[in-house]
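Subject: Model handover

Hi,

Here is the model I promised to send over. Please open it first, and then read my notes below alongside it.

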Amino acid sequence: MAKNVSVQATIAPDRLLTTRRSRAVALLVAFAVGAVVCYLLAVSFLPALTWALVLAIMFHPLHRRILKDLRYPGLAAATTVVVAAFIVVVPITFVAERLVNEAARGAQIVADALRSGNWREALASYPRIAPVLLWMETQLDLAGLAGNAATLLTNYSALFVRGSVAQIINIVLTFYFLFYLLRDGREALAMLKNFSPLASEEMNRLFLCVNRTVYAVIFGTFAVAAVQGTLGGLIFWLLGLPSPLVWGMIMGLLAIMPVLGAFIVWVPAALSLALSGEWEKALVLVAWGAGVVATVDNLLYPILVGDRLKLHTVVAFIGMIGGIIVFGPAGVVIGPVIFTVMLLLLDIWREHNRENQ
């Protein structure tokens, strides 16, 4: 009888341990499945959430000032959202629409000039270039390409005015999320700290890391755009083209916007120079635009962002380009954030290992 009691006493803890392990495994599996489902539910909102986070970080100092004056979190958040919308959406929409309209007009002028055939007379004094361009006209239908470009730019310009349903929804969602990030930001951060396995100090380091990354990305974007605009205006001035300062500013603004770029300005200008017989200037402008202005983005941006984030240039480049490939335009922010957060987590893990040794 005593033996049976002792056997049961030894079996009971083993069964209890097995039951706990089974529950832990089941909980882990349920958590993994829930995490995947939550990701699938939230992935469609990821671009809007990303830009809302960027705006929340950039406009946080302004929000704090407004909150001191109004003292009502909801009203202060709504006021900041309205200010952010006027600062970001309204100018970009107006300026981009006007700029793309001008580019569409330039493309249409080039198409009309190609169809008129007057440019062939200008080629008479360039016997080496003339056969090449005549072959290109025959094989590629340059006038048709220019006309298609004008139509494409006109339609793209109309999107800034009408906007597709998806674009409008993304913009509305961005400012919807921005409102709650501003109003409930502290509570959200506190909740993340409570659920996170990291210590409070480590979570503060994580939040600071994300904040610095967003600032670095925004700084890099505007810095590169300023350099591209300066380089574009400089070549316009050296070639004697009209209004180099204005066109330089326009190229800088276009460099900030996704899909658009400084090429919308210098490509029609180069074609205009070529059609008027100034082939040397046209070739210089094309070489400068394609070889310098267009490549400075891929070269300078990772250097600027990587230096501020203490990342190697190659790592910053992979984070930016890979983020764009995987997540679209929002990947400009998401990619570098993922890299910097992962490096921070590895650093925290290494510190824990040192403490345990």
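Throughout this email, two residues are in contact when they have heavy atoms within 4.5 Å of each other. Before the details, a word on where the values come from. This is a predicted model, so local features need pLDDT of at least 70 and side-chain atom pairs count only at pLDDT 80 or more, while totals for chains, interfaces and linings use all residues. Residues are numbered from 1 along each chain as its sequence is written, and side-chain values use heavy atoms, with hydrogens and water left out.

**Overall picture**

The protein chain has 16 helices and zero strands; these are DSSP runs numbered from the N terminus, with helices being H or I of at least four residues and strands E of at least two. Of its 357 residues, 34% count as buried. Here buried means under 20% relative accessible area, exposed means over 50%, and partly exposed is in between, with a 1.4 Å probe and protein chains only. Among contacts with a separation of 6 or more, 68% are between residues 24 or more positions apart.

**Helices α10 and α14**

I would start with this pair. Two packed helices are described by the angle between their axes and the distance between the axes. The axes of α10 (residues 200-238) and α14 (residues 296-309) come within 9 Å and cross at roughly 145°. These axes are lines fitted to C-alpha atoms over the stretch in contact, and the angles run from 0 to 180 degrees between N-to-C directions.

On the α10 side, the contact includes Arg212, Thr213, Ala216, Val217 and Gly220; on the α14 side, Tyr301, Leu304, Val305 and Leu309 are among the residues involved. The residues of this contact divide into 12 nonpolar, four polar and three charged. In that count Ala, Val, Leu, Ile, Met, Phe, Trp, Tyr, Cys and Pro are nonpolar, Asp, Glu, Lys and Arg are charged, and the others, Gly among them, are polar.

Two residues are worth a click here. Val305 lies in α14 and is buried, with a relative accessible area of 2%. Leaving aside neighbours within four places in sequence, Val305 is in contact with Ala216, Val217 and Gly220. Its C-alpha atom is separated by 9.2 Å from that of Tyr215, 90 residues apart along the chain.

Thr213 belongs to α10 and is buried at 0% relative accessibility. With neighbours within four places set aside, Thr213 is in contact with Leu309, Pro336, Val337 and Thr340. The C-alpha atoms of Thr213 and Val305 are 8.1 Å apart, although 92 residues separate the two along the chain.

**Nonpolar cores**

A nonpolar core is a set of buried Ala, Val, Leu, Ile, Met, Phe, Trp, Tyr and Cys residues joined through side-chain atoms within 4.5 Å. The largest has 23 residues, of which Val214, Tyr301 and Val333 touch the most other members. Helices α2 (46-58), α10, α14 and α16 (331-356) each supply at least two residues of this core, and α10 gives the most, with nine. Not counting residues up to four places away in sequence, Val333 touches Thr50, Trp51, Val54, Val214 and Val217. A second, separate core of 20 residues includes Leu231, Ile235, Leu241 and Leu254.

**Salt bridges**

I counted a salt bridge wherever a side-chain nitrogen of Lys or Arg is within 4 Å of a carboxyl oxygen of Asp or Glu. By this rule there are four.

Asp347 pairs with Arg205, the closest N and O atoms being 3.1 Å apart. This pair links distant parts of the chain, with Asp347 in α16 and Arg205 in α10, 142 residues apart. Arg205 also meets Glu351 in a salt bridge (3.2 Å, N to O). Since Arg205 lies in α10 and Glu351 in α16, that pair ties together parts that are 146 residues apart in sequence. Arg205, Asp347, Arg350 and Glu351 are linked in a network of salt bridges. Asp347 is partly exposed at 22%, as are Arg205 at 26% and Glu351 at 28%.

Elsewhere, Asp184 forms a salt bridge with Arg183, with the closest N and O atoms 3.0 Å apart.

Enjoy looking around!

Best wishes
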